[in-house]
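Have the sequence and the model open side by side.

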Amino acid sequence: MKHYDVVVIGSGPGGSAAAYALKDGGKSVALVEEDLWGGTCPNRGCDPKKMLVSGLEAVERTNQLAGKGFDPIESIAWPDLMAFKRTFTEPFPRSFKEGAEEAGIDALEGSARFVDEGRIEVAGETIEADAFVIATGQRPSILDIEGKEYLATSTDFLDMDTLPETMTFLGGGYVSFELASIANAAGSKVTIVHHNDRPLKGFDADLVSDLVKALEDRGVEFAFDVDVKRIAKTENGFALEADGYSAQSACVVGATGRIPNVEHLGLENAHIDYDKHGIVVDDHLRTANERVFACGDVLSKREPKLTPVASFEGRYVAQQILGNSTDSLSYPPMVSVVYASPKVAQAGVSTKEAEQNPDRYKVKSVDVTGWFTYRRLNDPVAYVKLVFEGDRLVGAAALNSQADELINLFALLIDRGIGHDDLDRMIFGYPTIASDLSSFV
């Protein structure tokens, strides 16, 4: 029977961060993966999506300058863009595994299942360890309706050889908004269908409303308060049916949430608690089994299930196992970005929380559409909302083409308590996003 100091189950951002940190700390480490090495993010998630977003950004930037030296772009050569994406995704799993092995981590292929509190089975072999880290992530959930077998997923979208002429996205979360924005920029006729009238519920309501309007101006259609009951195959695609609503589409993508990968781990054998949201842990990311930790999207938690959060948790778990820290987990300001057209992003205290606590927080709204940073790009819409506790910036939200970069700077100001006087003592390159910061705080 093989024995390791630590076995990490799942090679995504959380698991790999833990594995490398543990190896650097002198532990013998095995990393177990049953699917693609590196997990969802680099293979069928944020990284390939961001490569397709590059096409969206090129179209967006050009079309905003249509008539100002540029002709509008009506579509993208989708096969060429997909080929570009595959230059990254196809070699990644092998290079990831080779990198782990070169670092001295044993890379084991197969499904892991707990035999008891201190042993797992992988590919018919029993493995023992002093500690385990579960980082098995999530997968797309499939809407339980008649005809659900016809639903495509985000995984399917990110590997399509050809783009359908019409596409419908079920769900009002960030996945629908991002993929719909990409498909729209590439020339597909796009509809987003949501079961209520509040999409992107984790983001500022006013900015989301402005985002919906901006996407409508780009040709995206929305069907709110529509609870799809049935999908049927037709001669030209699929028919969607709901009470008082029907539509036809060449492709229907289900983007109605994700579910944790826990069913096949044998958690009961190791006395590990979990619920429908994932594995239950304490404030040190330890499960009910003191030898087992968990991190990343597989957790049952309120914090956003995002790649950088998983990596942060993976590094934290490693320090707990190494004995370098006994502090409970404390998160820095959380940054969330929707790579739609335009982008919407937020960090720190949300405007919703601020509005619910008016005696503690104040919200400042700034229309920056006329600022040079956005005027030079001819951004049609550019807004920023800031949350202050006294004179200190504690939260921010943004809607514009540069929101993904701007929000990271705001997060730094929030985390370090950097204010106007501090920024006035700095000289930034001008004109840039950073050179605008002192005008906000």
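Buried means under 20% relative accessible area, exposed means over 50%, and partly exposed is in between, using a 1.4 Å probe and protein chains only. Keep in mind that this is a predicted model, where local features need pLDDT of at least 70, side-chain atom pairs count only at pLDDT 80 or more, and totals for chains, interfaces and linings use all residues. Residues are numbered from 1 along each chain as its sequence is written, and side-chain values use heavy atoms, with hydrogens and water left out.

Most residues other than glycine have a negative phi, and most peptide bonds are trans. With that in mind, here are the exceptions.

Start with Asp-225, which isn't a glycine but has a positive phi, near 55°. You'll find Asp-225 in the loop between strand 10 (221–223) and strand 11 (230–234). Helices (H or I, at least four residues) and strands (E, at least two) are DSSP runs, numbered from the N terminus. Asp-225 counts as exposed because its relative accessibility is 54%.

Now go to Leu-285, another non-glycine residue with a positive phi, this one near 60°. Leu-285 also belongs to a loop, the one between strand 17 (278–279) and strand 18 (292–294).

Next come the peptide bonds. Ser-341 and Pro-342 are joined by a cis one, with omega about 5°. Pro-342 is in the loop that links strand 19 (335–338) and strand 20 (343–348). Further along, the bond from Tyr-430 to Pro-431 is cis too, with omega near -5°. Look for Pro-431 in the segment after helix 13 (420–424).
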